[in-house]
Amino acid sequence: MKKYYLLVAVLFFSLAMSGQTANSFLLNLYGGYTFSDRVDFDSSYGKVEDGFEYGLGLEYFIMDNASIELKYNRLDTNMPLYTKATISNNGNPIPPGTQLNAGDDKGAINYILADYTYYFGSSSQKALPFLGAGLGVAILETPKSGSGTYFAWEIKGGVKVKTNSPLSINLHAYLQSMSAAVGYDYYWDYYWGPVAVTDYASTFQFGLGASLSYDFSK
């Protein structure tokens, strides 16, 4: 009898963890609000200001509760750069807190990410919590420096709200990061003398968003 109860319990747990259908293929349309972040450099600091982020993704369920997704998101924003201390410009002092790129600070970040997402719950549930993470690249567009491609990642969590139609809505929070080489720091080594080490700066931006999904398997 105990073995029978154990078998029933295992079967119930397996059914409860089946939240999606394997081999499903979804198109996701994204929209969200991404909050600002400050990035510090040696003699200055910059800001990536908040703004609306939008994009789309193609999601494929490799098993009932797990999917992989290739997506593109774009954040149009302003990127002001300020001095940390007084600097000289042709002998003229520039005080701390002066914006160095006033009127020329518009830019954008284009994220291209490969995400893995795990959904919790049963297929009969209308609301399915999920957690996910992604790796990829960020293409940074700036007025003066053109564009550059850098390493990027994100983590996310939220809930998927299903309907009786092929459409569903995902409500989620996310944290995105981009890392870029911004120059060199120099250190003195006893044997080698001055050694240059690449200096990196990273953004960490939190956001709240939603996506509208269409399931082609329904």
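User: How many helices and strands does the secondary structure of the protein chain come to?

Analyst: The model is predicted, so local features need pLDDT of at least 70 and side-chain atom pairs count only at pLDDT 80 or more, while totals for chains, interfaces and linings use all residues. Residues are numbered from 1 along each chain as its sequence is written, and side-chain values use heavy atoms, with hydrogens and water left out. The protein chain has 1 helix and 13 strands. Helices (H or I, at least four residues) and strands (E, at least two) are DSSP runs, numbered from the N terminus. Along the sequence the pattern reads α-β-β-β-β-β-β-β-β-β-β-β-β-β.

User: What makes Asp64 partly exposed?

Analyst: The relative accessible area of Asp64 is 31%, so Asp64 is partly exposed. Asp64 also lies in the loop between E4 and E5.

User: Which backbone atoms do the side chains of Asn65 and Asp64 reach?

Analyst: The side chain of Asn65 reaches the backbone oxygen of Tyr119 at 2.6 Å. The side chain of Asp64 reaches the backbone nitrogen of Ala22 at 3.0 Å. A polar contact is a pair of N or O atoms within 3.5 Å; within protein, one must be able to donate a hydrogen and the other to accept it, and residues adjacent in sequence count only if both atoms are side-chain atoms.

User: What is the order of the open sheet of 3 strands?

Analyst: The order is E2-E3-E6, with antiparallel pairing. Strand E2 (37-40) and strand E6 (81-83) are the edge strands, each with a single partner strand, so one side of each has no neighbour in the sheet. From one strand to the next, the twist averages 25° (axes are lines fitted to C-alpha atoms, for helices over the stretch in contact, and angles run from 0 to 180 degrees between N-to-C directions).

User: How do you know that E2 and strand E3 pair?

Analyst: Two strands pair if DSSP finds at least two bridges between them. E2 and strand E3 (residues 44-48) have 4 bridges in the antiparallel sense, and Val39 stands opposite Gly46 in E3.

User: Why is the meeting of Lys84 and Asp40 called a salt bridge?

Analyst: A salt bridge is a side-chain nitrogen of Lys or Arg within 4 Å of a carboxyl oxygen of Asp or Glu. The side chains of Lys84 and Asp40 meet at 3.5 Å, N to O. Lys84 lies in the loop between E6 and strand E7 (87-89) and Asp40 in strand E2, so the pair ties together parts 44 residues apart in sequence. By this rule the count comes to 8 salt bridges.

User: What makes Lys71 and Glu154 a salt bridge, and is each of them buried or exposed?

Analyst: Their side chains meet at 2.6 Å, N to O, in a salt bridge. Lys71 lies in strand E5 and Glu154 in strand E11 (residues 146-162), so the pair ties together parts 83 residues apart in sequence. Lys71, at 6% relative accessibility, counts as buried, and Glu154 is buried with a relative accessible area of 2%.

Key: Buried < 20%, exposed > 50% of the residue type's maximum accessible area, 1.4 Å probe, protein only.
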